[in-house]
Amino acid sequence: MATRRNVLVMGVAAASALALAACGATADKNEGGSGNDGKPVSGLRIMVPNTPGGGYDTTARTAAKVMEDAKIATGVQVFNLPGAGGTVGLQRTVNEKGNGKLAMQMGLGVVGASYTSKSAATLTQTTPLAKLIEEAGAIVVPKDSPYKTINDLVAAWKADPKKIAVGGGSSPGGPDHLLPMQLAKTVGIDPKQVNFVSYDGGGELLPAVLGGKVAFGASGFGEFLDQVEAGQIRVLAVTSEAPIEALKEVPTLKSAGIDLVFTNWRGIVAPPGISDADKKVWIDALTKMHESEEWKAELKKRGWTDAFVTGDEFGTFLTEQDKAVADVLKQLGLA
């Protein structure tokens with residue numbers, strides 16, 4: 001079943017057809033610590049552009065908790081603004097020009113939506129702060145699924161692609177959409193024949209998988225660890241190069257004879273036009289978080305791969321990944 005090797009490590013660039021008016025929040029130069037005096041920073045807010053319970057939400061809330069526990073920041077607020085594959089949140093971020101207290105948790109899921117929704121806001125308008133992690137994808141089924149192995153699933157899928165529904169926690173063009181499309185192409189299924197059902201984040205995808213509304217789900221493996229441990233969900237394969245420590249018994253696609261590696265990633269951006277001082281506060285806080293023992297423990301616990309880069313280096317990565325996403329979507333006829 002092995003075909004040509006496909007490796008996809010892509011990222012976000014994004015936008016929204018639903019523009020929101022700026023809420024008027026601005027950075028108060030006199031509020032809270034600056035991060036340069038050794039005191040914890042205060043007043044920081046992280047927007048999650050999809051529903052609670054998904055990968056972005058988990059990453060943002062983990063980062064906020066670590067910054068609190070490590071006394072890097074106090075009162076970090078995490079809030080959700082879902083819609084349009086993350087591009088509602090992106091538009092809000094762009095509208096908040098100059099607001100140095102706000103940042104948006106993002107990743108691969110937002111980039112494709114900027115093309116498929118033809119939105120106005122783009123990642124090039126934001127201020128890149130830091131890339132945090134990389135995470136492999138997973139192919140999951142409910143505990144009572146008739147598919148016991150990834151090869152069982154692929155055989156049934158190839159026999160009748162339109163009958164086998166696959167769910168993903170992102171809109172077309174996001175990672176949970178690109179993964180099954182790349183998988184289909186790799187095993188010889190026309191991606192245009194794939195019956196893909198889009199959900200707004202892992203929080204909505206999970207009950208669809210558990211309830212049998214889709215035959216299988218494709219998403220970041222970290223979003224299912226609790227359900228795997230509880231025996232509610234089975235992981236048929238992970239999309240990493242090597243086996244995942246948190247799922248030692250689960251085969252990779254490659255070890256099952258499917259020549260595909262797919263890696264998602266997540267990072268944080270700020271609104272356009274923030275001051276150099278505010279940008280430094282964010283990058284310093286995130287750097288201290290990355291260096292903390294608390295963050296290292298979370299990486300191990302959640303099976304995340306450390307992929308930390310900041311500032312201009314992250315900006316260059318975003319530009320490269322935007323082009324990679326656009327190229328793949330053009331091949332699929334979606335851009």
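Which residues form one aromatic cluster? Trp 265, Phe 314 and Phe 317 do. This is a predicted model, in which local features need pLDDT of at least 70, side-chain atom pairs count only at pLDDT 80 or more, and totals for chains, interfaces and linings use all residues. Residues are numbered from 1 along each chain as its sequence is written, and side-chain values use heavy atoms, with hydrogens and water left out.

**Aromatic pairs**

- The structure holds four aromatic pairs (rings of Phe, Tyr and Trp, the last by its six-membered ring, pair if their centres lie within 6.5 Å; planes under 30 degrees apart are stacked, over 60 edge-to-face, the rest tilted).
- Trp 265 and Phe 317 make an edge-to-face pair, at 5.1 Å centre to centre and 80° between the planes.
- Trp 265 sits in strand 12 (residues 260-270) and Phe 317 in helix 10 (residues 311-331), so the pair ties together parts 52 residues apart in sequence. Helices (H or I, at least four residues) and strands (E, at least two) are DSSP runs, numbered from the N terminus.
- Both Trp 265 and Phe 317 are buried (under 20% relative accessible area; exposed is over 50%, partly exposed in between; 1.4 Å probe, protein chains only).
- The pair of Trp 295 and Trp 304 is tilted, because the ring centres are 6.0 Å apart and the planes stand at 45°.
- Trp 295 is buried at a relative accessible area of 1%; Trp 304 is buried at 6%.

**Helix 8 and helix 9**

- The axes of helix 8 (residues 276-291) and helix 9 (residues 293-302) come within 5 Å and cross at roughly 65° (axes are lines fitted to C-alpha atoms, for helices over the stretch in contact; angles run from 0 to 180 degrees between N-to-C directions).
- Met 289, His 290 and Glu 291 of helix 8 meet Glu 293, Trp 295 and Lys 296 of helix 9. Contact means heavy atoms within 4.5 Å.

**Helix 4**

- Ile 150, Leu 153, Val 154 and Trp 157 are buried in helix 4 (residues 150-159).
- Seen down the axis, the buried residues of helix 4 fall within an arc of 95°, so they line one face (the arc is that of the directions from the helix axis to the C-beta atoms).
- They pack against strand 7 (127-142), helix 5 (175-187), strand 10 (216-220) and strand 11 (233-238).

**Helix 1**

- The 15 residues of helix 1 (residues 55-69) should span 21 Å at 1.5 Å a residue, and the end C-alpha atoms are 21 Å apart, which agrees. The expected span is 1.5 Å times one less than the number of residues.
- Among the buried residues of helix 1 are Tyr 56, Val 66 and Met 67.
- Lys 71 follows helix 1, with a positive phi near 60°.
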